Amino acid sequence: MKFSIVTASFNHGRFIRDCIESVLAQKGIEFEHIVFDAGSTDETLSILKEYPHLDWVSEPDKGMSDAINKGFRKATGDWVMWLNTDDYLLPGALERVARFIEKNPAADVVYGGWNFVDEEKRFVKTMKLFPFDLMMMIHYGPYIGSTACFFRRKTTIAEGHLLDVKFRFCMDGEYYCRLGKAGKRFAYLPEILADFRIHGQNTSMCHNTMQGMDGIFRYQLLLAENASIRRAYGVTLFRLPMANVGVDVVFWFYYRIKKIVLKVLHGSYRQEIPGVPTLN
């Protein structure tokens, strides 16, 4: 079994070494690490040149989704994931995923949990997940982290399922919903597979930097992308989009409660990693 790790890169030189080293440290697994850089002007390119095992290109792109799609098309592994430059896999993650896949041969998508860490890699909290619920994904919002999600290339990417490049923030959520609507089978691995680093420039955390016109616009675009997912894949009772707001609120609260119940039923878990301090 071979894994393809795809990384979209742009001016995250202070983080990308952790990403690369975390993949390189995976033992007993065949993998390739593909990096598409958008033309970084910081130390990124000099770092990439230090690792001869990388398959990397630095060229202009149309955004993060476009760069990831380039990597998806180039991937040759049986299973593919995208790992952001500021995130990193935990020791033994790919081996654990491989064992799980062998026991779940019908799965098209396999996902696990992850830790949130701060910029200095200090533990913040663990994302506790549960078995896949398509309607929750659509009406509550994406709860699967791309940093801990793997796609069977033959039944997803090879069939033409790529990210929608129009999406800047919720490309992963739209992708999961589209795959779910296409009948792809999601399998939940209840283990922590990666660390997601929280810092001021996270694309998915734009609501934390909602300052000035640019910040407000980014946040409104995030809301619009989520609304587009609900209209395209979810329950729509009225022709006018704004008329469905009440319906969206009802579904959101229902799945909010269901999410809490599922977390309790599936318990909590956290993988302790030696040398990683807890953020007090």
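Predicted model: local features only at pLDDT ≥ 70, side-chain atom pairs only at ≥ 80, totals over all residues.
1. The partner of arginine 96 in a salt bridge is glutamate 191, and their closest N and O atoms are 3.0 Å apart. This pair connects distant parts of the chain, since arginine 96 belongs to helix H4 (residues 93–103) and glutamate 191 to strand E9 (residues 186–197), 95 residues apart. Glutamate 191 has a relative accessible area of 28% and is therefore partly exposed.

2. A salt bridge also joins aspartate 133 to lysine 258, with 2.6 Å between the closest N and O atoms. Aspartate 133 is in the loop between strand E7 (123–127) and helix H5 (134–139), while lysine 258 is in helix H8 (residues 245–266); the pair therefore ties together parts that are 125 residues apart in sequence. The relative accessible area of aspartate 133 is 13%, so this residue is classed as buried. Lysine 258, at 27% relative accessibility, is partly exposed.

3. Glutamate 159 and lysine 184 provide a further example, their side chains meeting in a salt bridge at 2.7 Å, N to O. Glutamate 159 is placed in the loop between strand E8 (149–152) and helix H6 (171–181), and lysine 184 in the loop between H6 and E9, so that parts 25 residues apart in sequence are tied together. Glutamate 159 is partly exposed at 46% relative accessibility, and lysine 184 is buried at 15%.

4. Some of these charged interactions are connected: Asp18, Lys121 and Arg197 form one network through salt bridges that share partners. In total, the structure holds 17 salt bridges. Lysine 121 has a further interaction, as its charged end sits over the ring of tyrosine 88, at 5.3 Å from the ring centre.

5. Which residues does lysine 2 contact, leaving aside its neighbours within four places in sequence? They are Glu30, Phe31, Glu32, Thr76, Gly77, Asp78 and Trp79. Lysine 2 is located in strand E1 (residues 2–9). At 19% relative accessibility, lysine 2 counts as buried, because the class takes in values under 20%.

6. The aromatic residues deserve a separate comment. The count of aromatic pairs comes to 16. One of them is the stacked pair of phenylalanine 251 and tyrosine 255, with 6.3 Å from centre to centre and 10° between the planes. Both residues of that pair, phenylalanine 251 and tyrosine 255, are in helix H8, separated by four residues, or about one turn of the helix. Tyrosine 255 is buried, with 7% relative accessibility.

7. Tryptophan 252 and phenylalanine 253 form an edge-to-face aromatic pair, for which the centre-to-centre distance is 5.2 Å and the angle between the planes 90°. Tryptophan 252 is partly exposed, at 34% relative accessibility. Elsewhere, one aromatic cluster is made up of Phe72, Trp82, Phe151, Tyr175 and Tyr176.

8. How many disulfides does a search of the whole structure find? The search finds zero. For cysteine 149, which is in no disulfide, the nearest cysteine sulfur is that of cysteine 177, 12 Å away; a disulfide would need the two sulfur atoms to be within 2.5 Å. Cysteine 149 is buried, its relative accessible area being 0%. Cysteine 170 also counts as buried, at 3% relative accessibility.

9. Turning to the chain as a whole, there are eight helices and nine strands. The radius of gyration is 18 Å, close to the 19 Å that the globule rule gives for 280 residues, and the chain is therefore as compact as a globular protein of that length. Along the principal axes, the C-alpha atoms fill a box of roughly 55 × 45 × 45 Å.

10. Two further values describe the chain. Of its 280 residues, 52% are buried. Where contacts join residues at least 6 apart in sequence, 76% of those contacts are between residues at least 24 apart.

Key:
Residues numbered from 1 in each chain as written. Heavy atoms only, no water. Salt bridge = Lys/Arg side-chain N within 4 Å of Asp/Glu carboxyl O. Helix = DSSP H or I, 4+ residues; strand = E, 2+ residues; numbered from the N terminus. Buried < 20%, exposed > 50% of the residue type's maximum accessible area, 1.4 Å probe, protein only. Contact = heavy atoms within 4.5 Å. Phe/Tyr/Trp six-rings, centres within 6.5 Å; stacked < 30°, edge-to-face > 60°. Lys NZ or Arg CZ within 6 Å of the ring centre and 35° of its normal. Rg over C-alpha atoms; globule rule 2.2 N^0.38 Å.
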